[in-house]
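Subject: Structure handover

Hello,

Here is the structure I promised. My notes follow below it.

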Amino acid sequence: QERVETFVTACVAALGKEDLRSSAQFVKQTGDAVLLMFSHFVDVYSWWTLASDEFVAVSMLRTSELDEKFGATFQIDAKTVVHLGEVTYSGGRDPIALAVNQVFKVEKVFGPGQLGITDVVRKVAAPQYKDLKLEPREVGEAILPGDNEKTKLWLLAQYDLSKYDLAFD
């Protein structure tokens with residue numbers, strides 16, 4: 001439970017460190033995941049980079065504080081998936097959206113440290129890739145809830161852990 005709480009705190013902390021070009025919002029924690037909404041792709045990428053740095057920092061801190069046999073267990077391995085869709089709220093709190101269900105289907109394709117996107121995001125955010133030095137690589141397909149046809153899934157970035165000397169490698 002403490003590990004999940006630390007993950008959520010790191011996600012929100014990274015959001016607070018970002019100099020947003022537009023708007024972003026922490027929506028809610030769902031199990032061991034968080035749901036964030038952004039209105040500009042560059043903000044998503046900036047947040048992802050800052051959050052990944054934050055995950056490494058808190059993992060290193062907690063690993064040094066814990067008994068050696070438990071330290072690696074506390075390592076935060078996060079995968080990030082970006083999708084595009086409309087979101088409404090039930091009772092002003094809970095997000096209700098087909099897009100949210102679709103994200104939870106897609107996230108299973110990606111691994112720790114990866115930034116994955118759906119095909120609709122690849123198309124919409126394409127003008128930003130050159131400046132961000134990104135090149136999407138197709139990694140699979142999925143039929144998303146509510147859709148009848150497969151959508152392509154893309155790996156946009158992999159966080160580089162090689163710049164750290166990690167005790168939990």
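Where is the place of Val109? Val109 sits in the loop between α4 and β6 (114–118). Helices (H or I, at least four residues) and strands (E, at least two) are DSSP runs, numbered from the N terminus.

Some ground rules. This is a predicted model, where local features need pLDDT of at least 70, side-chain atom pairs count only at pLDDT 80 or more, and totals for chains, interfaces and linings use all residues. Residues are numbered from 1 along each chain as its sequence is written, and side-chain values use heavy atoms, with hydrogens and water left out.

Back to Val109. Not counting residues up to four places away in sequence, Val109 touches Val139 and Leu153 (contact means heavy atoms within 4.5 Å). Val109 and Ala142 are 33 residues apart in sequence, and their C-alpha atoms are 9.0 Å apart in space.

Now Thr80. Thr80 lies in strand β3. Thr80 counts as buried because its relative accessibility is 12%. Leaving out residues up to four places away in sequence, Thr80 touches Trp47, Trp48, Gln114, Leu115 and Gly116.

Regards

Notes. Buried < 20%, exposed > 50% of the residue type's maximum accessible area, 1.4 Å probe, protein only.
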